Amino acid sequence: MALTKAKLFSEKEVKAAEFAKALSHPARIAILEILARRNACYCGDITEELPLAQSTVSQHLKALKSAGIIKGEIEGIRTCYCLDENNLTAFRSILDEFFLDLKSKNPNCC
């Protein structure tokens, strides 16, 4: 979405769309599942757990980090990744509100 068009929407709508876009690939869902299984940052090679090239996994990690779904810190020659719990909580709140707003107010609707 072009920046000029994004300004036409609320901050909440833009953020929800950014999160949804970041989740819109099965590899990214798999990465989140890998990170969620751990109680600490994951410094291992995620490519060992996925049928993807390292460069492809890096692109997916970049998209998830850019959306604020994960965090990554450089530790020596490795980058450790973990879920960004605060942003995930905020995203869930946005989605909960979104789906409540979508609920039809007309019980006689087709």
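## Exposure and a nonpolar patch

A residue is called buried under 20% relative accessible area, exposed over 50% and partly exposed in between, using a 1.4 Å probe and protein chains only. With 52% relative accessible area, L102 is therefore exposed. This is a predicted model in which local features need pLDDT of at least 70 and side-chain atom pairs count only at pLDDT 80 or more, while totals for chains, interfaces and linings use all residues. Residues are numbered from 1 along each chain as its sequence is written, and side-chain values use heavy atoms, without hydrogens or water.

L102 belongs to helix α5, residues 85-102 (helices are DSSP runs of H or I with at least four residues, strands are runs of E with at least two, and both are numbered from the N terminus). Together with F98 and F99, L102 makes a nonpolar surface patch of about 330 Å². Such patches take residues with over 30% relative accessible area and no salt bridge, joining nonpolar side chains (Val, Leu, Ile, Met, Phe, Trp, Tyr) within 5 Å and like charges within 9 Å; the areas come from the Shrake-Rupley method with a 1.4 Å probe, and for residues only the protein chains shown count as cover.

## The nonpolar core

Now to the inside. A nonpolar core is a set of buried Ala, Val, Leu, Ile, Met, Phe, Trp, Tyr and Cys residues joined through side-chain atoms within 4.5 Å. The largest one has 18 residues, of which I31, L35, I46, L61, L64, I69 and I70 touch the most other members. Two or more residues each come from α2 (11-22), α3 (26-36), α4 (54-66) and β2 (78-83), and α3 gives the largest share, four residues.

Setting aside residues up to four places away in sequence, L61 touches I31, I46, I70 and Y81 (contact means heavy atoms within 4.5 Å).

## A buried arginine

R28, in helix α3, is worth a look: R28 is buried but has no salt bridge, and the nearest side chain of opposite charge, E18, is 12 Å away. Here Lys and Arg count as positive and Asp and Glu as negative, with His and the chain ends not counted. Beyond four places in sequence, R28 contacts K21, A22, H60, A63 and L64.

## Salt bridges

A salt bridge puts a side-chain nitrogen of Lys or Arg within 4 Å of a carboxyl oxygen of Asp or Glu. The count by this rule is five. One of them pairs K12 with E97 at 2.6 Å, N to O; K12 is in α2 and E97 in α5, so parts 85 residues apart in sequence are tied together.

R37, R38 and E49 form a salt-bridge network. The closest N and O atoms are 3.0 Å apart between E49 and R37, and 2.8 Å apart between R38 and E49. R37 is exposed at 56% relative accessible area, whereas R38, at 30%, is partly exposed.
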